[in-house]
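Me: I would like to go through the terms used for this structure one at a time, and to see what stands behind each of them.

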Amino acid sequence: MTAEAAEEIAAQDFASIVESHRPQIFRFLLASLRDVDLAETLTQECFLKAHRNWNRFRGDSSAMTWLMRIAINLQKDHWRNRRLQFWRHTQANAIGVDEASEWLPNGERSAEQQILAREQVAQVWKAVEGLSARQRTVFLLRYVEDRELSEIAKATGLSEGTVKAHLSRALARVRAELRGTR
Amino acid sequence: MSWRDKLAGEIDDPKVAGALENFKASVDAWSEAAYSRPRTVVKAARHNWRFIATWALGCVLTAGSLAGGLYERHQRQELTRMTAMKAAEEKSVLERKAAEQPVAATIVTKRQPTAVKSAANENEDLLATVDSDVSRQVPAAMEPLAQMMVDNGTN
């Protein structure tokens with residue numbers, strides 16, 4: 001196989017990865033930031049970075065885990081930069097908990113069920129808002145992105161034990177919020 | 001296997017499991033809607049406004065610092081000029097004083113012959129007065145003798 005052919009295959013591989021994983025990366029960033037514009041920007045940056053480093057991807061973990069790791073790092077960088085650039089009010093673009101909980105799938109639900117579901121979603125959002133950045137990331141990867149503990153550990157660079165501990169604390173917070181004890 | 005079944009071992013409370021399921025469904029719905037939304041240019045307009053505001057602030061700061069610098073420079077120049085003027089004034093006063101001293105000396109030296117002359121005249125006048133006084137004080141008894149001296153031309 002020539003070098004050109006290998007490059008073409010790599011490019012096709014990357015294109016298919018973008019197509020299949022882009023919505024998931026966007027969803028994770030959207031849930032983390034609650035800002036559509038920022039989530040789009042960071043998703044773009046994530047794939048740009050992945051494209052630049054695609055030849056360095058050895059396949060030790062799945063492409064999705066690798067991409068998640070890039071997205072998590074970008075998010076960290078963003079918060080770090082935001083702390084320095086205090087005049088940028090990026091938080092102003094993020095929508096509130098109540099607005100975020102307005103979104104529900106158009107299922108066959110009664111009006112009462114819809115209201116109940118909306119209330120529950122708002123309570124979970126409130127609990128998520130009170131979590132630390134690391135707990136929030138672990139929680140969202142587990143209960144929104146449906147990732148396995150081992151994958152979360154690889155994506156976040158934490159041990160599985162630490163991931164379990166973060167999840168346990170996050171769940172305790174959600175439970176407390178749902179019981180109304182917070 | 002449903003999502004709730006998958007989490008059965010992890011979450012024992014059905015209320016929490018239901019809430020998490022609704023939460024996931026809500027995020028999915030929001031994400032899908034946001035992902036396929038039409039793109040607008042609102043953000044660009046806001047960026048333009050910010051860009052202009054940043055530039056205006058930058059210009060004001062630059063102008064301010066330039067004006068401050070110029071004012072400072074002007075003040076320094078003014079101070080230097082005042083100091084130079086004062087020094088020049090002092091120098092000219094000193095020079096004037098230095099120039100006046102030789103003139104006075106020459107005036108004194110120029111005036112000297114006149115003073116000597118007048119002093120000599122005064123002496124002669126004094127001597128003449130003394131002579132006349134002395135001549136007047138010759139006693140009457142000596143008058144014939146004095147007459148003889150005049151006649152002999154020995155005066």
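Predicted model: local features only at pLDDT ≥ 70, side-chain atom pairs only at ≥ 80, totals over all residues.

Me: How confident is the predictor in chain B, and where is confidence lowest and highest?
Reply: The average pLDDT of chain B is 80, and 72% of its residues score at least 70. Within chain B, confidence is lowest in helix H1 (residues 3-6), with a mean of 64, and highest in H2(B), with 89.

Me: What secondary structure do the two chains have?
Reply: Chain A has eight helices and zero strands, and from the N terminus on its elements run α-α-α-α-α-α-α-α. Chain B comes to four helices, likewise with zero strands, in the order α-α-α-α.

Me: What share of each chain is buried?
Reply: A residue counts as buried if 20 or more other C-beta atoms lie within 10 Å of its own. By that criterion, 32% of the 182 residues in chain A are buried, whereas in chain B buried residues make up 6% of 155. As for the contacts in chain A with a separation of 6 or more, 64% are between residues 24 or more positions apart.

Me: Which residues make the contact of H5(A) with H8(A), and of what class are they?
Reply: From H5(A) come A:Gln120, A:Gln123, A:Val124, A:Lys126 and A:Ala127, which meet A:Arg173, A:Val174, A:Glu177 and A:Leu178 of H8(A). Sorted by class, this contact has four nonpolar, two polar and three charged residues.

Me: What makes H7(A) and H8(A) roughly perpendicular?
Reply: Helix H7 (residues 149-156) of chain A packs against H8(A) at an angle of about 105°, and the axes are 9 Å apart. The range for roughly perpendicular is 65 to 115 degrees, and about 105° falls inside that range, which means that the term applies to this pair. On the H7(A) side the contact involves A:Leu149, A:Ser150, A:Ile152, A:Ala153 and A:Thr156, and on the H8(A) side A:Glu160, A:Val163 and A:Lys164. Four of these residues are nonpolar, two polar and two charged.

Me: How do you know that H8(A) and H2(B) are roughly perpendicular to each other?
Reply: The axes of H8(A) and H2(B) come within 10 Å and cross at roughly 100°. Since 65 to 115 degrees counts as roughly perpendicular, the crossing at roughly 100° places the pair in that class, and the two helices are therefore described in this way. A:Leu171, A:Val174, A:Arg175 and A:Leu178 of H8(A) make the contact with B:Lys15, B:Val16 and B:Ala19 of H2(B). By class, this contact has five nonpolar, no polar and two charged residues.

Me: How many residues does each chain give to the contact between the chains, and which helix gives the largest share of the side of chain B?
Reply: Chain B gives 22 residues and chain A gives 24.

Me: Why is A:Arg34 called buried, and why is A:Asp146 called partly exposed?
Reply: A:Arg34 has 22 other C-beta atoms within 10 Å, and the cut-off for buried is 20 or more, so A:Arg34 is buried. A:Asp146 has 13 such atoms, while exposed requires 12 or fewer and buried 20 or more, so A:Asp146 is partly exposed.

Me: What are the phi values of A:Arg34 and A:Asp146, and where do these residues lie?
Reply: A:Arg34 is not a glycine, yet has a positive phi of about 55°, and lies in the loop between helix H1 (3-33) and helix H2 (36-52) of chain A. A:Asp146, which is not a glycine either, has a positive phi of about 60° and sits in the loop between helix H6 (133-143) and H7 of chain A.

Key: Residues numbered from 1 in each chain as written. Chains lettered and ligands numbered in written order. Contact = placed C-beta atoms within 7 Å. Nonpolar A, V, L, I, M, F, W, Y, C, P; charged D, E, K, R; others polar. Axes fitted to C-alpha atoms, helices over the stretch in contact; angles between N-to-C directions. Parallel < 35°, antiparallel > 145°, perpendicular 65-115°, else oblique. pLDDT = per-residue confidence, 0-100.
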